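Subject: Model for you to look at

Hi,

Here is the structure I promised to pass on. Please open it alongside this message.

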Amino acid sequence: MSKIQENQETNVGGMTSTAPTVEKREKKQQKKVNNVIEVNDLNLWYGSDQALYEVSMNVPEEQVTAIIGPSGCGKSTFLKTLNRMVEMVPIVKTSGSIKYRNEEIFSSKFKQEYLRTKVGMVFQKPNPFPKSVYDNVAYGPRVHGIKKKEVLDQIVEKSLKDAAIWDELKDRLNENAYGLSGGQQQRVCIARALAVEPDVILMDEPTSALDPISTAKVEELVRELKKKYSIIIVTHNMQQAARISDKTAFFLNGELIEFAETDNLFQNPQDKRTEDYITGRFG
Ligand SMILES: Nc1ncnc2c1ncn2[C@@H]1O[C@H](COP(=O)(O)OP(=O)(O)O)[C@@H](O)[C@H]1O
Ligand SMILES: [Mg+2]
């Protein structure tokens, strides 16, 4: 059966049902997961230095996929390849295939603006614009041509609610985002990413600059967001990966060494190198 046929079948199976809760839950467990992104034989070079080698992996829909591995192993490069942001570095060359919902993103027919809208990104260091909270969140919708105040108001409120920061900031919408705490800034950046209605959210070590309380808030938010979005999160913190992700990918020297259900990867790694890494023998 082709991938497309499989996906269609799953969509039919996933339609609303009036079955009792237990049955529903069982159905959900049985439901075959769709892939939102499919990567095949991806190679990437910065000039003559190869940074990714033959990476193939499928990113499941509405789950949290964690990427772990030692510094310099290609985690950020891989993440930025998924929305082609990595190509802003002029010397970058790639080969292989990345499909977003069955469409080849490297194809000249695939619109880059559409890709960046659908596959949004949140960075390690919160990077709000030096503007008000409101203008930060309204930025993307305005770029997309939305001008009506009522519509923008609604988007700002919904995005801040989805980013679990509306209650904290609803009376401070006109304040400059620079004046917020790091944890608040990061959630405003998440709201800014949500405001353009993405499908996939890429997060590159989004809590590494945050204190433990803000980290816990962002982790809780990630678990909440996966009900509506597919999330790929790079983390150098293995406990974090274990806490929040459904699947985990372990990278080493530009190669994907192992990709499995998070519990399996941590409790029963199949590759000696994964085992060495998660038991702290290197990295
Ligand atoms: N802009 C760049 N130009 C050249 N090499 C780069 C660039 N960005 C990253 N690299 C190289 O690619 C490799 C992977 O880096 P990176 O993706 O940042 O790893 P990680 O996020 O896992 O720490 C490293 O060897 C790094 O030096
Ligand atoms: Mg990195």
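Confidence first. This is a predicted model. The chain averages a pLDDT of 90, and 89% of the residues score at least 70. The exception to keep in mind is residues 1-20, where pLDDT is below 50. That stretch still has 13 contacts in the model beyond near neighbours in sequence. Where pLDDT is low, the predicted coordinates should not be read in detail.

Next, the ligand. Which residues are around ligand 1? Gly69 and the run Ser71, Gly72, Cys73, Gly74, Lys75, Ser76 and Thr77 are there, along with Tyr46, Ala51 and Val89. Helix α3 (residues 75-82) gives the most to this shell, with three residues. By class, the shell around ligand 1 holds six polar residues, four nonpolar and one charged.

Then the helix pair. Helix α5 (residues 133-143) packs against helix α8 (residues 182-194). Their axes are 7 Å apart and the angle is about 30°. That is under the 35 degrees cut-off, so α5 and α8 are roughly parallel to each other. Is the crossing left-handed or right-handed? For α5 and α8, it is right-handed. On the α5 side, the contact is made by Val133, Asn136, Val137, Tyr139 and Gly140. Helix α8 brings Val188, Ala191 and Arg192. The residues of this α5 and α8 contact divide into five nonpolar, two polar and one charged.

Best wishes

How values were computed
Residues are numbered from 1 along each chain as its sequence is written. Chains are lettered from A and ligands numbered from 1 in the order in which they are written. This is a predicted model: local features need pLDDT of at least 70, side-chain atom pairs count only at pLDDT 80 or more; totals for chains, interfaces and linings use all residues. pLDDT is the predictor's confidence in each residue, from 0 to 100. Two residues are in contact if their C-beta atoms, placed from the backbone, lie within 7 Å. A residue is near a molecule or strand if its C-beta atom, placed from the backbone, lies within 6 Å of it. Helices (H or I, at least four residues) and strands (E, at least two) are DSSP runs, numbered from the N terminus. Ala, Val, Leu, Ile, Met, Phe, Trp, Tyr, Cys and Pro count as nonpolar, Asp, Glu, Lys and Arg as charged, and the others, Gly among them, as polar. Axes are lines fitted to C-alpha atoms, for helices over the stretch in contact, and angles run from 0 to 180 degrees between N-to-C directions. Angles under 35 degrees count as roughly parallel, over 145 as roughly antiparallel, 65 to 115 as roughly perpendicular and the rest as oblique. A crossing is left-handed if the near helix is turned anticlockwise from the far one by less than a right angle, and right-handed if clockwise.
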